[in-house]
Amino acid sequence: HLTVTYGLRVNYETGDVEDQNQLNYIDLQSSSPLAGHIPGFPNLVGGVGIPGLNGTSRQVQLPRGLHLDPRLGVAYQLNAKTVIHSGFGIFHHPLAAWEQYPNALGTTRTINSIAAQSDGVTPLFNLSNPFPSGLPAPYGNAAGLAIALGQNITGPLRTQDIPYQANWSFDIQRQLPLQLVVTAAYVGNVGVHLMTPIQFNQIPDADLSLGSKLISVVSNPFYGVIADPTSTLSLATVQYGQLLRPFPQFLNVKGINVGAGQSSYQAGQLTVEKRMSQGLAVLFGYTYSKAIDNVGEMTSVAGTRNGPQDNYCLACDRSVSDQNEPYTVRLAIRYELPFGPGKGLVNSGIAAKVFGGWSLGGFYTVDAGRPVAASSPNNSSSLGGGSGMRPNATGVSAALPGGPQICDSCLYFNTAAFTQTPQYAFGNVSRYVPGVNNPTAANVDTSIEKLTRINERFHVVFRAEMFNATNHVVFSGPTTSVTSATFGKIILSQSNAPRQVQFSLRLRF
């Protein structure tokens, strides 16, 4: 009555090595070549790390060691019609190296002229001479931590984080009359070390209280030391906030594929199945679930993600996931009409050819809308943060008492729950608004099929299909920017495809 399967997978992911050591990582700890040479900054650290330089390992990232992935599965037959299943497993993901390259900062150079003086208004150059100092050559690896001083630097951290997840499940499966099988299940999942970008050169949160002083223009202590003409740090003045950054000798210091993300998923699932018998097959599925995480979502640019709103508070980004759908419904039905050869009715002669071989199919789906994210302009002057800046909460519930309304002038959620975040601060609204989801999507697809047997070898199959057979409209979500005139309202634009009909004729032999 009992079956147990178990196993152990052992993984070891080495750090990447490039033949000429032309890849780099982000070094957040080593002393900078400028340390002690800049008044007021005796302890500068950080910069571009070069594998293989000065006796360091040639691996871009240092492996953490072996990863152990245990697996366990249990099946128990309670009686002739009831079986219990359970399972647990840990699964490490492959290293996401595809998002790390190109990050050879020593051998490549991005050229851009400075558009304006430190005040952000006064132009420096014009189109007739956009590069007055010429086009600078690549830095080369020999400069080490002095590479790209005054510029943005990007790369993975030196220590490798491999994301992994733990999955578990438990279900009871029961055979019922009418050849039905019902399965009730609980499944869960947690994700650890999920990849996300982090901007490590954000002004400390405590310094945001300085307010307008952050954007005031002061003398630049790096003037004459950082000579790169394409860097704002080569100018005689600089914004005061730049000098408060943890690595003031650089602009943005972005770590990619930082394993700081976490997620959890739990779901109850119900499945009812009737396999094909007497011409009828039915499959019904229902899932009630909740997904939570603290990592940003993929942007429209392949391979990039939204970073956290505040890089010093990753816990502030923990909310329901953008993938969270509270419930889903699936119903698939296929019915072979009882006419034709081998069937109970009209099973011989010309009539069997005409009326036999017909099948009807239907597929019904319901997907609860994904959560809504309210946004606010980024006026924090923090020189960091992701693209998902949020408003402040007023303490009023965002959910409307009568539920969301879909019309030109109706509010979809309570906009009084939000207010624009003031300058020099981060919004305190959750990354996704609790209890407010985009419109539910329901859909019906249908099919009619006719199988005609020409002889034992050749069959002709005619099929007609309708997608979104009812021509049901699913509207796009509401406007979520707190500064928009249509904030909280649905713009009546269709997000799903209208009814589509297609026909096919296939010769099968």
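This is a predicted model: local features need pLDDT of at least 70, side-chain atom pairs count only at pLDDT 80 or more; totals for chains, interfaces and linings use all residues.
The largest nonpolar core has 22 residues, and L44, I153 and F222 touch the most other members. Leaving aside residues up to four places away in sequence, I153 touches I26, G47, V48, L105, A148, F250, N252, V253 and K254. In soluble globular proteins, nonpolar side chains tend to be buried together.

The loop between β5 (82-92) and β6 (153-155) contains A146. This alanine, A146, is partly exposed, with a relative accessible area of 26%. Between A146 and T440 lie 294 residues of sequence separation and 54 Å in space, taken from C-alpha to C-alpha.

Next come the cysteines. A disulfide is a covalent bond between the sulfur atoms of two cysteines. C316 is partly exposed, at 38% relative accessible area. C407 is joined to C410 by a disulfide with an S to S distance of 1.7 Å. The link of C407 and C410 is right-handed, with 100 degrees about the S-S bond. C407 is partly exposed, with a relative accessible area of 22%, and C410 also counts as partly exposed at 22%.

Charged side chains complete the picture. Side chains of opposite charge can pair when their charged atoms come close. The structure holds 11 salt bridges. In one of them, R431 pairs with D293, and the closest N and O atoms are 2.6 Å apart. This pair links distant parts of the chain, 138 residues apart: R431 sits in the loop between β17 (418-419) and β18 (441-453), and D293 in strand β12 (residues 280-293). R431 counts as buried at 7% relative accessibility, and D293 counts as buried at 6%.

Another salt bridge brings together the side chains of E449 and R334 (3.3 Å, N to O). Here, too, distant parts of the chain are linked, with E449 in strand β18 and R334 in strand β14, 115 residues apart. E449 is buried at 15% relative accessible area, whereas R334 is partly exposed at 27%. A network of salt bridges links R334, E449, R463 and E465.

How values were computed. Residues are numbered from 1 along each chain as its sequence is written. Side-chain values use heavy atoms; hydrogens and water are left out. A nonpolar core is a set of buried Ala, Val, Leu, Ile, Met, Phe, Trp, Tyr and Cys residues joined through side-chain atoms within 4.5 Å. Buried means under 20% relative accessible area, exposed over 50%, partly exposed in between (1.4 Å probe, protein chains only). Contact means heavy atoms within 4.5 Å. Helices (H or I, at least four residues) and strands (E, at least two) are DSSP runs, numbered from the N terminus. A disulfide is a pair of cysteine sulfur atoms within 2.5 Å. A salt bridge is a side-chain nitrogen of Lys or Arg within 4 Å of a carboxyl oxygen of Asp or Glu.
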